[in-house]
Amino acid sequence: MIALVAGATRGTGRGIAVALGAAGATVYCTGRSTRAQRSEMNRPETIEETAELVTAAGGAGIGVQVDHLDPEQVRALAERVESEQGRLDVLVNDVWGGDHLWEWDTPVWKHDMDKGLRLLRLAIDTHIISSRHLLPLMIKDKGGLVVEVTDGTWSYNETRYRENVYYDLAKMSVNRLAFAWSNELRPYEGTGVAVTPGWLRSEAMLDNFGVTEDDWREAKVDDSAWMVSETPAYVGRGVAALAQDPDRQRWSGRSVSSGDLAQAYAVTDVDGSRPQVWRYITEVREAGGNTGWESYR
């Protein structure tokens with residue numbers, strides 16, 4: 001399997017890249033942060049680290065510094081993959097990098113417009129640019145898979161306003177992109193799926209709460225849904241199982257959660273649990289129910 005994870009530096013992208021590596025894939029791990037140069041997010045994680053983790057998991061990790069907003073850099077990336085591998089089987093669009101740009105519960109007339117528009121470019125334009133240059137390589141053979149990583153399924157987001165107009169539009173748009181790719185890839189027996197993790201215990205989230213993966217339950221979080229959070233490996237394992245499924249076309253055009261994939265493919269998080277945070281939010285927190293979080297792990 002030849003895979004490319006756009007936005008593999010950290011979080012969900014890294015989790016998916018490593019899980020694909022554990023499945024024996026060659027994984028191109030792209031992003032802006034390298035050991036020599038950090039992106040505007042100024043985080044310590046790098047694409048080199050992700051590539052090393054992929055290799056350690058049993059695959060072949062290849063780190064490539066790419067700004068997916070730059071069409072020429074992405075075109076050069078596609079040419080390199082074609083030259084080195086001759087094909088591309090799996091494309092994961094997980095570029096984001098907008099955490100520092102959005103303002104919680106802020107109306108459009110108060111939100112910084114330049115930051116909001118930058119967020120949209122990072123969240124949407126990058127995915128379109130990547131698909132424009134990499135899908136022609138994928139359709140050389142039949143059966144390719146494109147995974148669009150978002151926050152919230154289509155059904156969840158369509159009835160809820162997600163924080164502010166920029167964030168809301170970004171996350172709904174990525175869901176729609178998966179539907180678009182499912183249509184454009186249909187003649188080539190390809191599959192397009194939108195996948196959302198739950199409450200992700202990413203590197204940045206753990207840092208934000210001052211905990212590590214070893215003591216995450218001790219975080220001071222005023223939200224019981226935190227107890228139904230998940231590691232990046234959870235969604236990664238689900239996507240890797242999807243990528244290996246010969247009948248994966250049945251998922252095409254759908255918007256699913258990490259929990260949906262875990263149930264379908266009998267995968268678990270690293271602690272053996274199967275978190276279902278989206279169900280917990282809708283069935284318990286929003287409904288004002290009394291059921292404990294334990295039954296959603």
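1. Let's start with helices H8 and H9. Helix H8 covers residues 232–244 and helix H9 covers residues 258–265; the two pack at an angle of about 55°, with their axes 9 Å apart. Here an axis is a line fitted to C-alpha atoms, for helices over the stretch in contact, and angles run from 0 to 180 degrees between N-to-C directions. That angle makes H8 oblique to H9 (under 35 degrees would be roughly parallel, over 145 roughly antiparallel, 65 to 115 roughly perpendicular, and the rest is oblique).

2. A quick word on where this comes from. The model is predicted, so local features need pLDDT of at least 70 and side-chain atom pairs count only at pLDDT 80 or more, while totals for chains, interfaces and linings use all residues. Residues are numbered from 1 along each chain as its sequence is written, and side-chain values use heavy atoms, with hydrogens and water left out.

3. Back to the helix pair: H8 passes H9 in a left-handed crossing (the near helix is turned anticlockwise from the far one by less than a right angle; clockwise would be right-handed). On the H8 side, the contact (heavy atoms within 4.5 Å) includes Tyr-234, Val-235 and Gly-238. Among the H9 partners are Leu-261, Ala-262 and Tyr-265. By class, the contact has eight nonpolar, three polar and no charged residues (Ala, Val, Leu, Ile, Met, Phe, Trp, Tyr, Cys and Pro count as nonpolar, Asp, Glu, Lys and Arg as charged, and the others, Gly among them, as polar).

4. Have a look at Ala-240, also in H8. At 5% relative accessibility, Ala-240 counts as buried (under 20% relative accessible area; exposed is over 50%, partly exposed in between, with a 1.4 Å probe and protein chains only). Leaving out residues up to four places away in sequence, Ala-240 touches Ala-19 and Leu-20.

5. Now for a loop residue. Ser-39 lies between strand E2 (26–31) and helix H2 (47–57). Ser-39 is buried too, at 11% relative accessibility. Residues up to four places away in sequence aside, Ser-39 touches Arg-32 and Ser-33.

6. Finally, the whole chain. Its secondary structure comes to ten helices and seven strands (DSSP runs numbered from the N terminus: H or I, at least four residues, for helices, and E, at least two, for strands). Buried residues make up 54% of the 297 residues. Along its principal axes, the C-alpha trace spans about 55 × 45 × 35 Å.
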